[in-house]
Amino acid sequence: MNVDASRRTPFEQHVLPEIEVLLRVARALTRNNADAEDLVQDTLIRAHNGIDRFDGRHPRAWLLTILRHAHINRHRRRRPELLRDPDVTFDRISQAAGPEQTDAFVDLELDAELVRALAQLSPPFRLVVELVDIQGLSYAEAAEVLGVPPGTVMSRLHRARARLRDRLHRTGLAPRSQQ
Amino acid sequence: MRRFLRRLIARPAEGHGTVDCVAVGQVLQRYLDGATDAETTTLVAAHLDDCLRCGLEADTYRRIKAALAHHRQPPPPDAVQRLREFGLQLARGEGGPRPGSV
């Protein structure tokens, strides 16, 4: 693909580099690879239709907002009863990337307990952990995906992590910080 | 954040009493996420060096974050490729097939 950068369209410049991030976030939202791909495709079409109105700043945030709207529309169309329950599965976490055997820094026992603890969090809390701590979005980017203020992302995330921490305390996998 | 700073500065190094620890606890996760300003970051880092209780708390959160980040996976390369091609077709004004429609 020898397209001179100066000849690339705004869509190519701003949108195409974000496809991987969009797909990771879409997987978190849809819990399914095929649905995630369809969702990103919808997002690309919407972005293409709206590229003339995009000012070129913060393309990822712009695209994540589009993705959220596309997801809501798809969800409403297909499963209206679940519109308020953006569940996220963490089943795949136990299968995912299997902890690298060479990674001495990841405590397998702690990891397994975290997977169990995540599964017990309510969906809004699990989703924010998935977006920020697993997918690596910033508070602001996660806020775009969820359609809530960054402060809400922060408070949900901090409460979710505190619950994970409490679980590790109870199971003896982390020392209690009592004086 | 300003109120937090005032609380820390008002009670410097007083044996890491409750005020310091409570104030640090309020910003600890933001600190670990790199979301605190420079002044707060310096104060919290100094406190964590000295306070066993808060240091353990910070270590626990660091382990949680590290374990979760370990689950980050790149998306399937074939899906990325299909979507890139689809995006290029859009950019060139071509309709293009629906990617992943198998």
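**Chatting through chains A and B**

Mentor: Let's start with helix 8 of chain A, residues 139–146, in this predicted model. Six of its eight residues are buried, so the helix is largely enclosed by the rest of the structure.

Trainee: Nice! Which are the buried residues of helix 8 of chain A?

Mentor: They are Glu141(A), Ala142(A), Ala143(A), Glu144(A), Val145(A) and Leu146(A).

Trainee: And what is helix 8 of chain A followed by?

Mentor: Gly147(A) follows helix 8, and its phi is positive, near 70 degrees.

Trainee: Okay, switching to His169(A). Where does that residue lie?

Mentor: You'll find His169(A) in helix 9 of chain A, which covers residues 150–170.

Trainee: Why does His169(A) count as partly exposed?

Mentor: Because His169(A) has 15 C-beta neighbours inside 10 Å. A residue needs 20 or more to be buried, and 12 or fewer to be exposed, so a value in between makes it partly exposed.

Trainee: Got it. Which residues does His169(A) touch, not counting those up to four places away in sequence?

Mentor: Ala174(A) and Arg176(A).

Trainee: Let's move on to chain B. How many helices and strands does chain B have?

Mentor: Chain B has five helices and zero strands. Along the sequence, the pattern reads α-α-α-α-α.

Trainee: And what percentage of chain B counts as buried?

Mentor: Of its 102 residues, 35% count as buried.

Trainee: Last one: what share of the contacts in chain B with a separation of 6 or more comes from residues 24 or more positions apart?

Mentor: In chain B, such pairs account for 42% of the contacts with a separation of 6 or more.

How values were computed. Residues are numbered from 1 along each chain as its sequence is written. Chains are lettered from A and ligands numbered from 1 in the order in which they are written. This is a predicted model: local features need pLDDT of at least 70, side-chain atom pairs count only at pLDDT 80 or more; totals for chains, interfaces and linings use all residues. Helices (H or I, at least four residues) and strands (E, at least two) are DSSP runs, numbered from the N terminus. Two residues are in contact if their C-beta atoms, placed from the backbone, lie within 7 Å.
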